[in-house]
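The following note concerns a single model and is arranged as numbered points for the record.

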Amino acid sequence: MIVMDGCGAGEAPDAPLFNDSDHPATIRHVWEKAGPLNTPNLLACGFLAACKVGEPTGVPREGFGVRYGRLRELSMGKDSVTGHWEMMGILTEKPFPTYPHGFPKDLVEAFESRIGVGILGNKAASGTEIIAELGAEHVRTGKPIVYTSADSVFQVACHEHVVPIERLYEICQIGREVCASPNNVQRVIARPFEGEATHGFTRTGRRRDFPLEAPPNLVDQIGDVYGIGPVPELFGGRGFRPVHRSQNNVEHEQALWVALASDARFIYANFEDFDMLFGHRNDPVGFAGALVRFDQTLGSLLERLTADDLLLLTADHGNDPTTASTDHSREYVPICAIGASLTSKALRDIDGMTALGATVAVHLGIDWKVGTPVCGN
């Protein structure tokens with residue numbers, strides 16, 4: 001299963017409840033703004049049709065069928081954790097806390113007391129903008145930059161030459177301990193950066209997430225899952241085999257080939273560049289380029305599929321780069337199932353991203369009662 005991070009398939013019915021009143025439709029709007037795109041494999045797999053862009057042409061490869069449609073998220077969120085958790089059978093019924101005006105004083109004071117130094121920031125901000133704003137002061141004082149976003153996150157940014165990376169991880173682990181109920185933010189995130197004020201600061205590839213502990217889910221049932229990209233972090237690593245953490249789509253692709261050569265029963269990957277590099281930066285042209293590059297990866301993957309394999313393509317939320325917002329968007333997510341045993345057909349919209357986990361469970365022969373599978377063995 002490959003999660004194309006942020007690649008939403010159109011406005012969800014409850015989008016206004018999540019402050020998305022500008023009718024987000026990530027893939028369709030990218031296509032309209034920067035397309036048409038040379039993505040024949042996404043077209044053949046039904047991914048574009050699921051996102052309301054044209055109709056699929058042919059099949060991804062001879063002897064394989066495709067089923068494609070959209071899933072409506074049921075959980076109260078529009079972020080990677082709630083999305084991935086719901087895929088694996090966890091419904092988040094109560095929204096996690098967010099802090100559009102910064103974190104409360106008592107939480108900040110408790111954090112500062114534990115780490116032994118004051119902080120900078122404490123506001124909702126873009127990660128690239130806040131290090132440009134406060135990076136020089138951080139270098140001068142050694143105070144960590146703490147900020148949040150529209151998501152339930154407590155983010156800590158430090159220059160790697162000022163605060164060593166392992167110390168940043170320690171600070172974030174303290175943040176995870178301090179952020180307890182009612183301030184039980186979904187994720188504490190280490191955001192290391194480098195550079196200097198004159199020529200600018202840039203984030204490095206050693207981000208690490210510290211999420212809340214995941215409730216029991218399908219990953220626990222499968223065990224020894226091969227996770228690629230941020231996926232294992234979203235579940236606190238539980239149920240995943242220890243592997244190197246790839247940091248971008250190029251690295252995720254290389255990790256995918258290693259995973260395919262392994263004995264893993266389930267490969268669970270997240271290709272995050274769509275969201276991280278282009279959705280959050282309102283860059284539809286860059287987003288389109290990432291889709292074209294991923295299509296080439298998908299083509300190589302399709303050539304390697306065997307008759308026993310099932311490939312699922314989906315997304316965890318939207319992140320429409322053509323809207324005014326730089327935050328995630330509440331959208332349907334696409335689902336595309338590709339396998340030799342499938343007859344091709346379009347699916348109706350389905351309630352629940354739990355359909356993904358249910359489909360994985362059926363394919364692997366696991367007894368799992370959450371969600372409705374889109375295909376059998």
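1. C336 is buried, at 0% relative accessibility; buried denotes under 20% relative accessible area, exposed over 50% and partly exposed in between, with a 1.4 Å probe and protein chains only. C336 takes part in no disulfide, and the nearest cysteine sulfur, that of C45, lies 6.7 Å away. The model is predicted: local features need pLDDT of at least 70 and side-chain atom pairs count only at pLDDT 80 or more, whereas totals for chains, interfaces and linings use all residues. Residues are numbered from 1 along each chain as its sequence is written, and side-chain values use heavy atoms, with hydrogens and water left out.

2. A disulfide is defined as a pair of cysteine sulfur atoms within 2.5 Å, and by this rule the count is zero. C51 is likewise in no disulfide, the nearest cysteine sulfur being that of C336, 7.2 Å away. C51 is buried, with a relative accessible area of 1%.

3. Beyond four places in sequence, I338 touches residues including C45, F64, L302 and L313, contact meaning heavy atoms within 4.5 Å.

4. D20, in the loop between β1 (2–4) and α1 (26–34), is buried at 3% relative accessible area.

Note on methods: Helices (H or I, at least four residues) and strands (E, at least two) are DSSP runs, numbered from the N terminus.
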